[in-house]
Amino acid sequence: MAKSEIDEATVRRIAHLARVKVTAEEAKSLQRELNGILSWVEELNAIPTDGVEPLTSVGGAKLHMREDVVADGNKPADVLKNAPKSEDGFFLVPKVIE
């Protein structure tokens, strides 16, 4: 596989598209970093992965699943205590439609 390289003009183009102001010194540093990343990706692409199943986790642990139950938490006073205004267990909000 051919080695990919990012030049300073490409770094400036990326910075322009991202609306990020980059100095000449920063562009050179970013160029080195991006080329390092591309080099690492090329190394990863060289690893044979045929027949390897994709993983979401390296461990075999399973998450404990609980039943999904809709509830108000049985704490209406706690829920409403930070409300600027409330009445009969409901939030009071200003009228927005005339």
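## Charges and ground rules

Lys and Arg count as positive here and Asp and Glu as negative, with His and the chain ends not counted. Each charge is placed at NZ of Lys, CZ of Arg, CG of Asp or CD of Glu. On that basis the protein carries 13 positive and 17 negative side chains, and the centres of the two sets are 7 Å apart.

A word on what you are looking at: this is a predicted model, in which local features need pLDDT of at least 70 and side-chain atom pairs count only at pLDDT 80 or more, while totals for chains, interfaces and linings use all residues. Residues are numbered from 1 along each chain as its sequence is written, and side-chain values use heavy atoms, with hydrogens and water left out.

## Overall layout

Let's start with the fold pattern. The protein has three helices and two strands, where helices (H or I, at least four residues) and strands (E, at least two) are DSSP runs numbered from the N terminus. Along the sequence they come in the order α-α-α-β-β. The radius of gyration is 28 Å, well over the 13 Å that the globule rule gives for 98 residues, so the protein is more spread out than a compact globule. That radius is taken over C-alpha atoms, and the rule is 2.2 Å times the number of residues to the power 0.38.

Along the principal axes, the C-alpha atoms fill a box of roughly 70 × 45 × 25 Å. Of the contacts with a separation of 6 or more, 36% are between residues 24 or more positions apart; contact means heavy atoms within 4.5 Å.

## Surface and core

The accessible surface is about 9600 Å², and 58% of it belongs to carbon and sulfur atoms; the areas come from the Shrake-Rupley method with a 1.4 Å probe. Of the 98 residues, 9% count as buried, that is, under 20% relative accessible area.

The largest nonpolar core has five residues: Ile6, Val11, Ala15, Val22 and Ala27. Such a core is a set of buried Ala, Val, Leu, Ile, Met, Phe, Trp, Tyr and Cys residues joined through side-chain atoms within 4.5 Å. Beyond its neighbours within four places in sequence, Ala15 is in contact with Val20 and Val22.

Helix H2 spans residues 24–45 and includes Gln31. Setting aside neighbours within four places in sequence, Gln31 is in contact with Ile6, Asp7, Glu8 and Val11. Gln31 and Ile14, 17 residues apart in sequence, are 11 Å apart in space, C-alpha to C-alpha.

Asn35 is also found in helix H2. Its relative accessibility is 14%, so Asn35 counts as buried. Not counting residues up to four places away in sequence, Asn35 touches Ser4, Glu5 and Ile6.

Technical notes:
Buried means under 20% relative accessible area, exposed over 50%, partly exposed in between (1.4 Å probe, protein chains only).
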